[in-house]
Amino acid sequence: MSPAERARAATTDPPAEASRFVGRRHEVAEARRMLSRTRLLTLTGTGGVGKTRLAFRVAESLERAYKDGVEVVELATLEAGDLLAATVAAALGLRDVGPDPATMLVDYLADKRILLVLDNCEHLLEDCARLVDLLLRGAPRLRILATSRQAMAVGGEQVMVVPSLSVPDDGALPPRDIARHDAVRLFMDRAASVWPGFSLDTGNAAAVARLARRLEGIPLAIELAAMRLRRVPLEQLARELEERFDVPAEGSPSALPRHRTLRATMDWSFELCSPAEQRLWARMSMFAGGADLDTAEAVCAGDGIDPVEVIDLVAGLVDKSVLVTEHGEAGVRYRMLESIRAYGAERLEPAEATALRGRYIDHYRDVTEGRRIDRLVPDQLDRYRFLGRELPNVRVALELCLSAPGTAATALDIASSMWSYWMLAGSPTEGRYWLRRGLDQVSGAGRTRAIALCTDSMLALRQGNLDAATPRLEECRSMAEQAGNESVLPLVLRASGLAAFSTGDARRGQALMEQALAIHRAAGDLAGVTVDLYYTAAYGSMEDPARAAVIGEEVLALCEAHGAILWRAYAQLSLAIAAWNLDDWHRAEALASEAAEFTREVNDRWGLTQCLELLAWTACARGDHRRAARMLGAAHTLWQAVDSSPTRLWYQATWHERCVERTRQELGEREFAAAFRDGARHARTSCRS
């Protein structure tokens, strides 16, 4: 199986909607109408009323109306407003957004006709308002559909209050009239999922109508109630709800407000749980990104929950619709809807919260260290996918560490151990955000701070920010010379080598890399050796291509021997660059094509961008100038996406300029521009053209 095929096999498809969308025809039509007349539409309403599902359905119905696409950004798991712009950029496929992701977003969206959906804005309302205002001012063809419990108060904003589902009027009605109401239709749909064959008839119509009215047509409340049919008959369920809510006689104007109705439904659902289920509900609310069973056992067991009980307790919460199951290639994960998760967090007792947070932090410190992708291991790709799934939970752990006294060093350990994830996922901005906050709290000359300084400098260099990297490196270099920090020295030498390369001083860069490599070889650190070799081969290729080719072969052999397929693509890229500089463009093209296919599969835009650049040169060399122009156009789009350009990489700048000049000369300005635009439009797949 090729690396690309292995990548496809490991890919987890996004989870399908947990249950069928019911009703809302009028609301979908109204939202579409309003979006045709405004550039910012915010769907507001109480928790559990269905804002998210409505927004997604509207977006789905409008996909063909926006030539540059419909993009959805889910913000429920994001708690740091400082990361908002970077998160939106990442959702749009923009990587390495540098120190000013908001400006990069504006530049990217300036000429795009896109519908941007921002879901769950209420906890980041001020940050969302500022970003939305900036984007709308700078991107005149952009439209935004947002969901929030509050309006953003941005100029030009239109607000649509999402109502509860329609419910039947009081009084005896025939089943066909009751069934016309969306609240009834939703209840029947969910009831049928737990009670096969359940249908509306003259015998149960009155009870269903009472339930729909008691729950005021709130979708989440209806779904929670419907799951109770697994345990009790319909009439008993209706009585339980009437007693629970203590609603006055029908027709009274003093019915419960909708938010109190949802709260009462959750209280009722909570009290129907066993004490152990209640504890697990509260503890599982810690997981912003959901959790698999092993993680739930590791973090939530103890203090009243035996580890062997967790599987049955999880099953009980799934039965009650407290937990939602998501099936993927990696197995089953369990998550909570945001309203249910927020309720669970409220029910977490302060006395157990401290111990739970400690277990949570310890778990994610161990996970990020144990799943590092800068190791020469055959499950590199699985680790990368795993960290991507767990990122919302890792963020919670980092925030917990940085918000409590004495634990900031653990945050530095977590953020530093993920350095290669931040690189490969195109998220150096986020990595530096956590490192900066931790470094502000952790002083001294210990190893943890030294490694964090070095990591931050590497990420800054990845962004092309030498000014930010230099003082970090200087401090780290002095710390590496102190006793106890010896293992930091080769990391400092590597980063210093990259800094030298970035200024065009190839000889000094190679010398520093050689020193780092010697230390890693002496220590038997194969992972360190592989990274050092890659940078030496790729960055030193122009200075000494023959030697770079030999080193590249060693990197490739190491990756293949250990099954490290993520790094294998970069080994191929370094070899391709060396082959090009040795005038062997046939081999350069073959290597770059295979590396491009793999990096495209795993959405590594940094690697793909460099591969496309090299493929443009090889196409030009063999006289296929139209393909060269398409490759240049595709590369240009991705260079923008990674906030970089070939001129930032000194070893690519000269060849890029020569390729552009010759291709433009051979095709003529008009034909070159047409092919360039075609490549830009098909940037993700053009490596196959």
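How many disulfides does a search of the whole structure find? The search finds zero, a disulfide being a pair of cysteine sulfur atoms within 2.5 Å. Cysteine 273, accordingly, takes part in no disulfide, and the nearest cysteine sulfur, which belongs to cysteine 300, is 14 Å away. With a relative accessibility of 5%, cysteine 273 counts as buried, where buried means under 20% relative accessible area, exposed means over 50%, and partly exposed lies in between (1.4 Å probe, protein chains only). Cysteine 611 also counts as buried, at 1% relative accessibility.

The model is predicted, so that local features need a pLDDT of at least 70 and side-chain atom pairs count only at pLDDT 80 or more, whereas totals for chains, interfaces and linings use all residues. Residues are numbered from 1 along each chain as its sequence is written, and side-chain values use heavy atoms, with hydrogens and water left out.

The largest nonpolar core comprises 219 residues, of which Leu105, Leu118, Phe187 and Met284 touch the most other members; such a core is a set of buried Ala, Val, Leu, Ile, Met, Phe, Trp, Tyr and Cys residues joined through side-chain atoms within 4.5 Å. Another core, of 19 residues, lies apart from it and has Val28, Leu54, Val58 and Ala59 among its members. When residues up to four places away in sequence are not counted, leucine 105 touches Ala85, Val88, Ala89, Leu92, Leu94, Leu131 and Leu135, contact meaning heavy atoms within 4.5 Å.

Glutamate 277 lies in helix H13, which spans residues 275-284; helices (H or I, at least four residues) and strands (E, at least two) are DSSP runs, numbered from the N terminus. Glutamate 277 is buried, because its relative accessible area is 9%. Its side chain is joined to that of lysine 320 by a polar contact of 3.3 Å, that is, a pair of N or O atoms within 3.5 Å, of which, within protein, one must be able to donate a hydrogen and the other to accept it, while residues adjacent in sequence count only if both atoms are side-chain atoms. Leaving aside neighbours within four places in sequence, glutamate 277 is in contact with Leu313, Gly316, Leu317 and Lys320.

Aromatic pairs number 18, by the rule that rings of Phe, Tyr and Trp (its six-membered ring) pair if their centres lie within 6.5 Å, with planes under 30 degrees apart counted as stacked, over 60 as edge-to-face and the rest as tilted. Phenylalanine 672 and phenylalanine 676 form a tilted pair, with 5.8 Å from centre to centre and 35° between the planes. These two residues are separated by about one helical turn, because they are four residues apart in helix H33 (residues 669-681). Phenylalanine 672 counts as buried at 4% relative accessibility, whereas phenylalanine 676, at 23%, counts as partly exposed. Ring pairs also link Phe501, Tyr534, Tyr535, Tyr539 and Tyr570 into a cluster.

Turning to the backbone, alanine 153 has a positive phi of about 60° although it is not a glycine, and this residue lies in the loop between strand S4 (143-147) and strand S5 (158-161). Alanine 153 counts as exposed, at 72% relative accessibility. Glutamate 216, likewise not a glycine, has a positive phi of about 55° and is placed in the loop between helix H9 (205-214) and helix H10 (219-227); at 18% relative accessibility, however, glutamate 216 counts as buried.
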